[in-house]
Amino acid sequence: PLLLFVIAALSEYCFRILVQAARILSYRNVDLSSSTKVGRDSFESLAEAAFGPRAYVASMGLVTLMCFFGTVGYAVLLRDMLEPITAAIYGEQPAG
């Protein structure tokens with residue numbers, strides 16, 4: 001449980017830093033008198049403003065990979081959870 005709390009605190013700290021960076025970077029590029037929107041629209045645009053256009057592409061690729069592998073993990077978990085149910089309904093069948 002201690003490790004869980006430490007990781008939760010570090011994650012919260014990282015999110016606070018991301019929000020602060022988004023606000024700081026938006027103040028540099030926006031005329032505050034004419035805009036009511038504060039901050040960047042996405043994680044990718046924040047990376048681009050902080051590190052350049054190559055960081056935009058890299059962060060977009062990393063977010064895409066995270067979404068893809070999250071979906072794969074969900075599919076594997078769903079298959080493992082549904083396997084006993086389908087075996088009970090249709091009976092045990094040999095693989096292949």
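The questions and answers below go through a predicted model, from its helices to its surface.

Residues are numbered from 1 along each chain as its sequence is written. In this predicted model, local features need pLDDT of at least 70 and side-chain atom pairs count only at pLDDT 80 or more, while totals for chains, interfaces and linings use all residues, and side-chain values use heavy atoms, leaving out hydrogens and water.

User: Which pattern does the protein follow along the sequence?
Analyst: Helices (H or I, at least four residues) and strands (E, at least two) are DSSP runs, numbered from the N terminus. The protein has 3 helices and 0 strands. Read along the sequence, the pattern is α-α-α.

User: What share of the 96 residues is buried?
Analyst: Buried means under 20% relative accessible area, exposed over 50%, and partly exposed in between, with a 1.4 Å probe and protein chains only. Of the 96 residues in the protein, the buried share is 10%.

User: Which residues of helix α2 are buried?
Analyst: Helix α2 spans residues 43-51. After α2 comes Gly52, with a positive phi near 105 degrees. The buried residues of α2 are Glu44, Ser45, Leu46 and Ala47.

User: Which residues does Glu44 touch, not counting those up to four places away in sequence?
Analyst: Glu44 is found in helix α2. Its relative accessible area is 15%, so Glu44 is buried. Contact means heavy atoms within 4.5 Å. Leaving out residues up to four places away in sequence, Glu44 touches Tyr56, Ser59, Met60 and Val63.

User: How many disulfides does a search of the whole structure find?
Analyst: A disulfide is a pair of cysteine sulfur atoms within 2.5 Å. Cys14 is partly exposed at 45% relative accessibility. Cys67 is also partly exposed, at 48%. The number of disulfides found in the whole structure is 0.

User: How many salt bridges does a search of the whole structure find?
Analyst: A salt bridge is a side-chain nitrogen of Lys or Arg within 4 Å of a carboxyl oxygen of Asp or Glu. One of them joins Glu12 and Arg16. Searching the whole structure gives a count of 3.

User: How far apart are the closest N and O atoms of Glu12 and Arg16?
Analyst: Both residues sit in helix α1 (residues 2-29). They are 4 residues apart, so about one helical turn separates them. Glu12 is partly exposed at 37% relative accessibility, whereas Arg16 is exposed at 56%. Their closest N and O atoms are apart by 2.1 Å.

User: What is the geometry of the pair formed by Phe68 and Phe69?
Analyst: Rings of Phe, Tyr and Trp (its six-membered ring) pair if their centres lie within 6.5 Å; planes under 30 degrees apart count as stacked, over 60 as edge-to-face and the rest as tilted. The structure holds 1 aromatic pair. The rings of Phe68 and Phe69 have centres 5.2 Å apart and planes at 70 degrees, so the pair is edge-to-face.

User: What accessible area does the nonpolar patch on the surface have together?
Analyst: Patches take residues with over 30% relative accessible area and no salt bridge; like charges are joined within 9 Å, nonpolar side chains (Val, Leu, Ile, Met, Phe, Trp, Tyr) within 5 Å. Among the members are Phe68, partly exposed at 48%, and Phe69, exposed at 53%. Val76 of helix α3 is partly exposed at 46%. Leu62, Leu65, Phe68, Phe69, Val72 and Val76 together have about 580 Å².

Notes:
Areas by Shrake-Rupley, 256 points an atom, 1.4 Å probe, with all protein chains shown as cover.
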